[in-house]
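Dear colleague,

I am passing on a structure for you to look through, and below it I have set out what was found. Please keep it open while you read.

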Amino acid sequence: MSIIKRKKNVENKKVKNATKKVFNDLTFDSQLELYFYKLCLNNNIIVEREPKFILQSKFEFMGEKLREIAMFPDFYLPKFDILLECKG
């Protein structure tokens, strides 16, 4: 007798009840991100999606190489100089 284990149908393990959404060939991690993106478009606000911001460059200290520290916020609004992370 063999037991068959089935994988659970999980959309996003990090966030409970979050499902990915697609709009204009862009994939969003949640409905909230899509809503905010559409809100910016409708109000003619320039928005950048998931830009890379380097918080600390890579460097060497006492012979040990340390990697850079970066963050990837959900959105960046250059006109207002605001980083935005959507949490539901």
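How does Glu-85 count by its relative accessibility, buried or partly exposed? At 37% relative accessibility, Glu-85 counts as partly exposed, where buried means under 20% relative accessible area, exposed over 50%, and partly exposed in between (1.4 Å probe, protein chains only). Please note that this is a predicted model, in which local features need pLDDT of at least 70 and side-chain atom pairs count only at pLDDT 80 or more, while totals for chains, interfaces and linings use all residues. Residues are numbered from 1 along each chain as its sequence is written, and side-chain values use heavy atoms, with hydrogens and water left out.

The side chain of Glu-85 meets that of Lys-87 in a salt bridge (3.6 Å, N to O), a term for a side-chain nitrogen of Lys or Arg within 4 Å of a carboxyl oxygen of Asp or Glu. Lys-87 is exposed, with a relative accessible area of 65%. The structure holds 3 salt bridges, and another of them joins Asp-29 to Lys-20, with the closest N and O atoms 2.7 Å apart.

Turning to the helix, α1 covers residues 31-42, where helices (H or I, at least four residues) and strands (E, at least two) are DSSP runs, numbered from the N terminus. Its buried residues are Glu-33, Leu-34, Phe-36, Tyr-37 and Cys-40. Seen down the axis of α1, these buried residues fall within an arc of 165° (taken from the directions from the axis to the C-beta atoms), so they line one face of the helix. The face turned away from that buried side carries the exposed residues Tyr-35 and Asn-42.

Terms used. Expected span 1.5 Å × (residues − 1).
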